[in-house]
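These are my notebook entries on one structure. I set down what I looked up, in the order in which I looked it up.

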Amino acid sequence: MEENETFFGVLLEKVENYAKTTIDLVKLKAIDRLAVTVSNVVFGVVMALLIFFFLLILNLALAFWVGSLLGETYLGFFAIAGFYVLLIIIFLVFKKQLIKVPLSNVIISKLLK
């Protein structure tokens with residue numbers, strides 16, 4: 001009888017250790033995924049800001065240049081604004097095709113890694 005109690009005691013202890021180790025592993029994997037996600041978000045925000053400022057300065061320079069070609073500075077700004085209105089219309093027309101397939105696939109593949 002004592003032998004069975006010792007066997008079950010050792011078995012119970014091993015099961016408890018396995019459960020604790022499994023829980024610790026799940027926690028560590030979650031922390032790793034969170035760290036990767038946060039670092040990707042921070043990198044994305046920094047890159048978005050850098051790209052934003054680059055495009056802002058580029059668009060200002062382009063507007064001044066087009067304005068000098070057209071003879072009036074404000075006409076350059078109107079031309080650049082018209083170009084962006086055209087882009088907005090194109091994106092709105094093709095919204096479903098752009099969002100549904102490529103963007104969804106990218107998000108799903110990132111989440112399943």
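**Overall layout**

I began with the secondary structure and found 3 helices and 0 strands in the protein chain. Read from the N terminus, the elements run α-α-α. I note at the outset that this is a predicted model.

I then looked up burial and surface. The protein chain has 113 residues, of which 5% count as buried. It exposes about 10,200 Å², and carbon and sulfur atoms supply 77% of that area.

**Nonpolar surface patch**

Which residues make up the nonpolar surface patch of about 1,000 Å²? I listed Leu34, Val38, Val42, Phe43, Val46, Met47, Leu50, Ile51, Phe54, Leu55 and Leu58. From this list I looked up Phe43, which lies in helix H1, residues 2-70. Its relative accessible area is 55%, and Phe43 is therefore exposed, the cut-off being over 50%.

**Aromatic pairs**

I checked the accessibility of each partner. Tyr74 has a relative accessible area of 47% and is partly exposed, whereas Phe78, at 58%, counts as exposed.

I next recorded the pair of Phe83 and Tyr84. Why is this pair edge-to-face? The ring centres lie 5.4 Å apart and the planes meet at 70°, so the pair is edge-to-face, because planes over 60 degrees apart are classed in that way. Phe83 is partly exposed at 46% relative accessible area, and Tyr84 is also partly exposed, at 33%.

**Asparagine 59**

Asn59 lies in helix H1. Is Asn59 buried or exposed? I found a relative accessibility of 19%, so Asn59 counts as buried, because the limit for that class is under 20%.

I also looked up its contacts. Leaving aside residues up to four places away in sequence, Asn59 touches Ile80 and Tyr84.

Note on methods:
Residues numbered from 1 in each chain as written. Predicted model: local features only at pLDDT ≥ 70, side-chain atom pairs only at ≥ 80, totals over all residues. Heavy atoms only, no water. Patch = residues over 30% accessible without salt bridge, like charges linked within 9 Å, V, L, I, M, F, W, Y side chains within 5 Å. Areas by Shrake-Rupley, 256 points an atom, 1.4 Å probe, with all protein chains shown as cover. Salt bridge = Lys/Arg side-chain N within 4 Å of Asp/Glu carboxyl O. Helix = DSSP H or I, 4+ residues; strand = E, 2+ residues; numbered from the N terminus. Buried < 20%, exposed > 50% of the residue type's maximum accessible area, 1.4 Å probe, protein only. Phe/Tyr/Trp six-rings, centres within 6.5 Å; stacked < 30°, edge-to-face > 60°. Contact = heavy atoms within 4.5 Å.
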